[in-house]
Amino acid sequence: MDEWVLNALKRWPNVPALFGWLSLDRRGRWLVQGETISHPRIVEVINRNYAADEFGRWYFQNGPQRGYMQLESTPLILFVSDDDQHLITHTGLAVEQLREAHMDEAGSLVLVTEHGPGELRGTDLQWALDRLSIDDEASLAAALELPSQSDTGITLDTGASRLPLQRLDFAQAPSVLGFDREPAPREGEKVSTRAMD
């Protein structure tokens with residue numbers, strides 16, 4: 001978190017949180033009330049001040065006010081680096097550790113990293129296909145038909161890690177991987193109806 005954010009939290013520790021205004025889409029774009037945030041400096045501030053609370057609710061800490069994110073998919077969206085060798089989160093963090101690999105019923109790939117769970121951006125799926133231990137498309141199609149939370153018998157080999165690929169339904173990912181797609185206020189939590197200026 002930025003120093004100014006930490007200072008604001010100390011000065012105003014009980015500012016009500018904001019729900020339902022902010023979201024993250026499957027392409028790694030931030031949105032406010034459904035509109036894409038495109039100003040580079042605003043995007044950079046959100047990227048640096050994005051985190052999760054103890055309940056798996058991801059948020060942007062805007063000074064003293066916490067704005068909870070609705071997630072179209074996962075808390076992070078992963079991109080392949082320009083050298084085609086490494087993964088980067090949509091917030092610009094390099095991925096050094098892959099801990100788990102999951103594939104949903106539509107073939108989307110979710111990887112658990114040291115930064116949290118992230119879906120690999122659809123346009124970068126070839127990176128994963130090149131690293132999967134599959135003989136042909138039929139074995140991948142068969143894996144898609146397996147029940148959720150089944151071992152597919154396929155591995156993802158990135159060189160640094162070799163992970164078993166698990167089937168995981170899109171709807172079950174939040175409970176299995178510990179995040180909340182649609183964060184809501186908890187009992188007794190203060191809620192704001194508007195963003196701070």
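**Rings, charges and strands**

Q: I'd like to begin with a charge and a ring. Which ring does the charged end of Arg-57 sit over?
A: Keep in mind that this is a predicted model. The charged end of Arg-57 is placed over the ring of Tyr-68, 4.4 Å from the ring's centre. There's another case to look up: Arg-186 lies over the face of Phe-55, with 3.6 Å to the ring centre.

Q: Which cluster do ring pairs build?
A: Tyr-68 turns up again here, as ring pairs link it with Phe-19 and Tyr-59 into a cluster.

Q: How many aromatic pairs are there, and what describes a pair of aromatic rings?
A: You describe a pair by the distance of the ring centres and the angle of the planes. Here the count comes to 4 aromatic pairs. Take Trp-30 and Tyr-50: they're edge-to-face, at 4.7 Å centre to centre and with 70° between the planes. This pair links distant parts of the chain, with Trp-30 in strand β2 (residues 30-32) and Tyr-50 in strand β4 (residues 50-52), 20 residues apart.

Q: Are Trp-30 and Tyr-50 buried or exposed?
A: The cut-off for buried is under 20% relative accessible area. Trp-30 has 2%, so it's buried. Tyr-50 has 10%, so that one is buried too.

Q: Why is the pair of Tyr-50 and Trp-58 called tilted?
A: Look at the angle of the planes. Stacked needs under 30 degrees, edge-to-face needs over 60, and the rest count as tilted. The planes of Tyr-50 and Trp-58 are at 45°, so the pair is tilted, with the ring centres 5.1 Å apart. Trp-58 counts as buried as well, at 10% relative accessibility.

Q: Now the strands. What is the order of the strands in the open sheet?
A: The order of its 7 strands is β8-β7-β11-β10-β9-β13-β12, and the pairing is mixed. At the edges you'll find β8 (87-89) and β12 (151-157), each pairing on one side only. On average, neighbouring strands in this sheet are turned by 35° against each other, direction ignored.

Q: In which sense do β12 and β13 pair?
A: They pair in the antiparallel sense, over 4 bridges, with β13 covering residues 162-167. To spot one of these bridges, find Leu-156: its bridge partner in β13 is Leu-163.

Q: Which strands does helix α4 lie across?
A: Helix α4 (residues 137-144) lies across β9 (98-103), β12 and β13. The helix runs at about 125° to β12.

Methods:
Residues numbered from 1 in each chain as written. Predicted model: local features only at pLDDT ≥ 70, side-chain atom pairs only at ≥ 80, totals over all residues. Heavy atoms only, no water. Pairing = 2+ DSSP bridges. Helix = DSSP H or I, 4+ residues; strand = E, 2+ residues; numbered from the N terminus. Axes fitted to C-alpha atoms, helices over the stretch in contact; angles between N-to-C directions. Contact = heavy atoms within 4.5 Å. Phe/Tyr/Trp six-rings, centres within 6.5 Å; stacked < 30°, edge-to-face > 60°. Buried < 20%, exposed > 50% of the residue type's maximum accessible area, 1.4 Å probe, protein only. Lys NZ or Arg CZ within 6 Å of the ring centre and 35° of its normal.
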